[in-house]
Amino acid sequence: MALPHPKLLPPVFFPLRNRPTQPSPILPLPGNPTLPHLKHESFSQLQASAKDESLSTLITELEQQGDHSSQTAEDDLLPPNRQPEHRLSERWREIHGLGDWAGLLDPMDPLLRSELIRYGELAQACYDAFDYDRFSRHCGSCKYNHRHFFTNLGMPDAGYEITRYIYATSSFKIPNFFASSRRPRTWSDRANWIGYVAVSSDEGSARLGRRDIVVAWRGTVTRLEWIADLMDYLRPVSAAGIPCRDPGVKVESGFLELYTGKDPGCLFCKFSAREQVLAEVRKQVELYKSSGEEVSVTMTGHSLGSALAMLSAYDVAETGVSGGSPVCVFSFSGPRVGNGRWKERFEEGVKALRVVNVHDSVPKVPGIFFNERVPEAVRRMAESLPWSYSHVGVELALDHKLSPFLKDTGDPSCYHNLEAHLHLLDGYHGPGQRFVLASGRDPALVNKACDFLEDHHLVPPFWRQDENKGMIRAADGRWVQPDRPKIDDHSQDTHHHLRLLGLLRDH
């Protein structure tokens, strides 16, 4: 499954603006430490004119000057107006992992950074669209119809069109992942929405340089108990029906069960998540390759969604569903998925770039003691143990303590937050480089579902919510939860594509 490695274009990097590394000295107002700080020369000028002004006017000017100094310091962290020299359509194979991102991470390539953020936002959309409200009859589903998904999320220019939603059976219990309603009658008492398959539009494909098929997986938002429950044992992928001649290729059993589990009695998960993805990716690859287009398959996910992205990418490549098109994973804060043999087999046909926060605990498990970081001889000896795991692909390590926008907190869910990772990506320029936002991505997004921004930014924590929590006022004046359009289940041609893949069984 190995991909050819043609000659790569040289990486593009733009140096930061020339700024002093130390701020100008700022002195407090003598005798009045509660007033805003201002530069010494500014204070002297105001002191000389104070004889002719009232005290209230003087304080007003001091406050304005203090605000200006603070704003200047903030502006120093904002991006220069620069654009990548090479268009994405000319470099997409390089950005997609051809060459394993050699020379693109140190210093950070601007085009790669923007693509990582873009795919991260496609994964974040899974969180923003999921209905967590236990008082809603639609709890556990997607809040939006797939035809208006990106528009409803304020992403009308995403450049993708969703072709299928992905569901999983909730019989496998994972804390804070599956949600269920308190109402007696709901859309489904056995299924949860866990992601989507999308295809780049004609306009988006022109910009990308190919037709991109994206599979975005939902992960966990805050509580991290799920990772402890999943550190169970390794299981051969072949035992779950994924074709592999080597029985030594193993992955964490909980991830595998979630990916392959199904419930024949449920309308939404009568097909496993695996079957849903393989059928849809095959359908889209066949459609666009038959018309002569270049096609790529890209998986993205955060946290538990990252593990599912890794599994599905491997499966798509191993089964040949990709039709020879390049398969890549952009992972955010994901755990280890399988053993050393899994790593070797995975990297034969899939490229993976893992974005992690060095202070986040999730990427460090499973396999705390036996993993890819131990000496090769030790790892080989521990390969047969049920707790020996290895990360795959290339790691991009970020450090939230380098961002002046983020507070010093002991909350591990903040370290794990996806929006925080995207913020760190925007300010990252390479090891040892100063943190400067490259695109001006709004730091307020960090606090969308956590409390991580410094308080002086005055951005409330956990600020994202639906207006009136989705309640509307009916004609009779009562407040009610509105009905939603019929929830999509599975397209009629799913059986056809599964039959061609040899996966069709009694449903």
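The model is predicted, so local features need pLDDT of at least 70 and side-chain atom pairs count only at pLDDT 80 or more, while totals for chains, interfaces and linings use all residues. Residues are numbered from 1 along each chain as its sequence is written, and side-chain values use heavy atoms, leaving out hydrogens and water.

Let's begin with Glu 115, which sits in helix H4, residues 110–129 (helices are DSSP runs of H or I with at least four residues, strands are E runs of at least two, both numbered from the N terminus). Glu 115 is buried, at 4% relative accessibility (buried means under 20% relative accessible area, exposed over 50%, partly exposed in between, with a 1.4 Å probe and protein chains only). Leaving aside residues up to four places away in sequence, Glu 115 touches Leu 88, Ile 95, Arg 207 and Leu 208, where contact means heavy atoms within 4.5 Å.

Now for the pairs. Side chains of opposite charge can pair when their charged atoms come close. With a salt bridge defined as a side-chain nitrogen of Lys or Arg within 4 Å of a carboxyl oxygen of Asp or Glu, the count comes to 28. In one of them, Arg 211 joins Asp 202, with the closest N and O atoms 2.8 Å apart; Arg 211 is buried at 6%, whereas Asp 202 is exposed at 60%.

Lys 448 and Glu 419 form another salt bridge, their closest N and O atoms 2.9 Å apart. This pair links distant parts of the chain, 29 residues apart: Lys 448 lies in the loop between helix H14 (418–427) and strand E10 (472–473), and Glu 419 in helix H14. Lys 448 is buried at 9%, and Glu 419 is buried at 4%. Salt bridges with shared partners join Glu 121, Asp 128, Glu 419, Arg 441, Lys 448 and Arg 464 into one network.
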